[in-house]
Amino acid sequence: MEEGDKYGKELDLAVRIVHLACSLCQKVQQRLVSSSDEQVLAKDDDSPVTIADWSVQATVSWLLSEFLEGQNVSIVAEEDVQTLSKSDAADLLAAVVNTVNECLAEAPKYGLQCPKDALGTSKILEAISRCNSTGGPTGRHWVLDPVDGTLGFVRGDQYAVALALIEEGKLVLGVLGCPNYPMKKELLNYNHRRHQTMPKSLPSSDIWEKGRVMYARRGSGQAWMQPLILGDTKFEWPNSARLIQVSPVDDPSLATFCEPVEKANSNHSFTAGLANSMGLKKKPMRVHSMVKYAAIARGDAEIFIKFARSGYKEKIWDHAAGVVIIEEAGGVVTDAGGRPLDFSRGLYLEGLDRGIIACSGLMLHDKIIGAVYASWDSSNL
């Protein structure tokens, strides 16, 4: 990254922050998956996934505000502070305070300054409540999804930490931390199947657990990937980074396509019909979270199709970081009408035409758009 690059300082900061947030999530997830089954399935109140959400949000908010001092830092994020502020949430709040301070103590390893003293409850609540922006077409807004892929997180499977920057309604940079991203693409949806079939042997940790952080800056024509920092190793920029590119596959019969695991907000039957009409031969790779975007940017898959069920509105933090990374890696992301996604209209992707299509290249993209128009009238959406 050249020093003169626009948004170079912001990208450098965002990458370091996401690395640190991934470390936080890994620790919380390890405690979660080693707990009893009941605790793994618990997702309300003081469940560890909630601790991770609020802890990442507080950490990212504090670091952005500290390092961009003098700027009016606007952050759009998923969690609000109300639940955490209630009198019956004292234990949960204490766990968040402890997790945040434990995380910030490691900040120097990533070239970030930690607070002189541990942050108290009021400072952490203030950092979380600062993430109350609604975005929009003017100004600069950071967009954060602290733990994208709740189900993946509680299963010990795929999830992501996503941070993007929007300026004057346009995406300008994105960083995706994928702590469980495997070295081998065949293992991308492995853990989801493992929870159902429980094979006798698991892949070795050097293949499975290293994780990746991927990032890109708008207009650079480049997307990058770094391994997560392990043990006492210090973060090195940019020595550990390597370029990533989308797959060159443009034959639908050879393409791998991703879709959400959850059926609640995605119409699997429509995408199955679409895949069949296009001649997609492979079974869909069902992956939690924005890791699907990472898979396309890295060349491990070619297509991500998502058609939400009626009434579901797509939120900007579920897509922003992934979109800029795919596009700078050489891919294409549009709605089903072929139009770019509009991140300038607040918390939601307003005006979205039916669904989202992310592809490794224009040829596959055009085929999908054509198949959507051919299939739409006979669908049940």
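Predicted model: local features only at pLDDT ≥ 70, side-chain atom pairs only at ≥ 80, totals over all residues.
Begin by selecting strands β1 to β7, which form an open sheet in the order β1-β2-β3-β4-β5-β6-β7 with mixed pairing. At the edges stand β1 (75-77) and β7 (242-244); each has a single partner strand, so one side of each lacks a neighbour in the sheet. From one strand to the next, the twist averages 25 degrees.

Next, select residues 212-217 and 223-227, strands β5 and β6, which pair in the antiparallel sense over 5 bridges. Here R212 has P227 of β6 as its bridge partner.

**Aromatic pairs.** The structure holds 3 aromatic pairs. Select F153 and Y159: their ring centres are 4.8 Å apart and their planes stand at 80 degrees, so this pair is edge-to-face. F153 counts as buried, with 0% relative accessibility, and Y159 likewise counts as buried at 0%.

Proceed to Y293 and F304, an edge-to-face pair with 5.3 Å centre to centre and 85 degrees between the planes. This pair links helix α11 (residues 291-298), which holds Y293, to strand β10 (residues 303-306), which holds F304. Both Y293 and F304 are buried.

**Charges over rings.** Finally, select K313 with Y348: the charged end of K313 sits over the ring of Y348, 4.5 Å from its centre. For R354 and Y373, the charged end of R354 sits over the ring of Y373, 4.5 Å from its centre.

Technical notes. Residues numbered from 1 in each chain as written. Heavy atoms only, no water. Phe/Tyr/Trp six-rings, centres within 6.5 Å; stacked < 30°, edge-to-face > 60°. Buried < 20%, exposed > 50% of the residue type's maximum accessible area, 1.4 Å probe, protein only. Helix = DSSP H or I, 4+ residues; strand = E, 2+ residues; numbered from the N terminus. Lys NZ or Arg CZ within 6 Å of the ring centre and 35° of its normal. Pairing = 2+ DSSP bridges. Axes fitted to C-alpha atoms, helices over the stretch in contact; angles between N-to-C directions.
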